[in-house]
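Me: I am new to this structure and would like to go through it slowly, one question at a time. Could you show it to me before we begin?

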Amino acid sequence: MSVSSWRASPFLACGAQVALTVTNAGPAIPGDQIQRLLQPFQRLAPDRHGRRDGYGLGLAIVDTVAQAHHATLTTSARPEGGLSITVRFAHGAHPKRP
């Protein structure tokens, strides 16, 4: 994912939840590849976007932080290309203590 092509929606309060949605533009991502991108060091082929930067850690970190805060993370491929990622934090959720 290119950092220059993402867009975050403002935090949206939904009853007792707060949600943050981030979308990006880019080539279409096959639905069966999305969950793989949540694993560390997983990237799509560099020829998809013409760049070789990144280590494939971004979405794995987001997923880990969401879990630590008892948040839910949902991902979906956008019909026009790219991803939409939403993190929903429940009211009163606290991170796990070591």
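Reply: Strand E3 (residues 17–24) and strand E5 (residues 83–90) pair in the antiparallel sense over 7 bridges, where strands count as paired if DSSP finds at least two bridges between them. This is a predicted model, in which local features need pLDDT of at least 70, side-chain atom pairs count only at pLDDT 80 or more, and totals for chains, interfaces and linings use all residues. Residues are numbered from 1 along each chain as its sequence is written, and side-chain values use heavy atoms, with hydrogens and water left out.

Me: In what order do the elements of the protein chain run from the N terminus on?
Reply: Helices (H or I, at least four residues) and strands (E, at least two) are DSSP runs that are numbered from the N terminus. The protein chain has 1 helix and 5 strands. Read from the N terminus on, the order of these elements is β-β-β-α-β-β.

Me: Which residue in E5 stands opposite valine 22, and which is the bridge partner of leucine 73?
Reply: Strand E5 is joined to strand E4 (residues 72–77) by 6 bridges, and these two strands run antiparallel. The bridge partner of leucine 73 in E5 is valine 87. Opposite valine 22, the residue in E5 is isoleucine 85.

Me: What is the phi of glycine 81 in the turn between E4 and E5?
Reply: E4 and E5 form a hairpin, with 5 residues between them. Proline 79 also has its place in the loop between E4 and E5, and proline 79 is exposed, with a relative accessible area of 81%, where exposed means over 50%, buried under 20% and partly exposed in between (1.4 Å probe, protein chains only). Glycine 81 lies in the turn of the hairpin and has a positive phi of about 110 degrees.

Me: Is aspartate 63 buried or exposed?
Reply: Aspartate 63 lies in helix H1. Leaving aside its neighbours within four places in sequence, aspartate 63 is in contact (heavy atoms within 4.5 Å) with Leu38 and Leu73. Because its relative accessible area is 17%, aspartate 63 counts as buried.

Me: What is the relative accessibility of phenylalanine 41?
Reply: Phenylalanine 41 has its place in the loop between E3 and helix H1 (58–68). Although phenylalanine 41 is not a glycine, this residue has a positive phi of about 65 degrees. Phenylalanine 41 counts as exposed, at a relative accessibility of 59%.

Me: How much accessible area do Phe41, Tyr55, Leu57, Ile61 and Val65 have together?
Reply: Patches are made of residues with over 30% relative accessible area and no salt bridge, with like charges joined within 9 Å and nonpolar side chains (Val, Leu, Ile, Met, Phe, Trp, Tyr) within 5 Å. One of the residues named, isoleucine 61, is found in helix H1. Accessible areas come from the Shrake-Rupley method with a 1.4 Å probe, and for residues only the protein chains shown count as cover. The five form a nonpolar patch on the surface, and their accessible area together is about 550 Å².

Me: Which residue meets glutamate 80 in a salt bridge?
Reply: A salt bridge is a side-chain nitrogen of Lys or Arg within 4 Å of a carboxyl oxygen of Asp or Glu, and a search of the whole structure finds 1. Glutamate 80 is exposed, with a relative accessible area of 55%. At 2.3 Å, N to O, the side chain of glutamate 80 meets that of arginine 78.

Me: How far apart in space are glutamine 35 and alanine 60, C-alpha to C-alpha?
Reply: Glutamine 35 has its place in the loop between E3 and H1, and at 52% relative accessibility this residue counts as exposed. In sequence, glutamine 35 and alanine 60 are 25 residues apart. In space, C-alpha to C-alpha, the two are separated by 10.0 Å.
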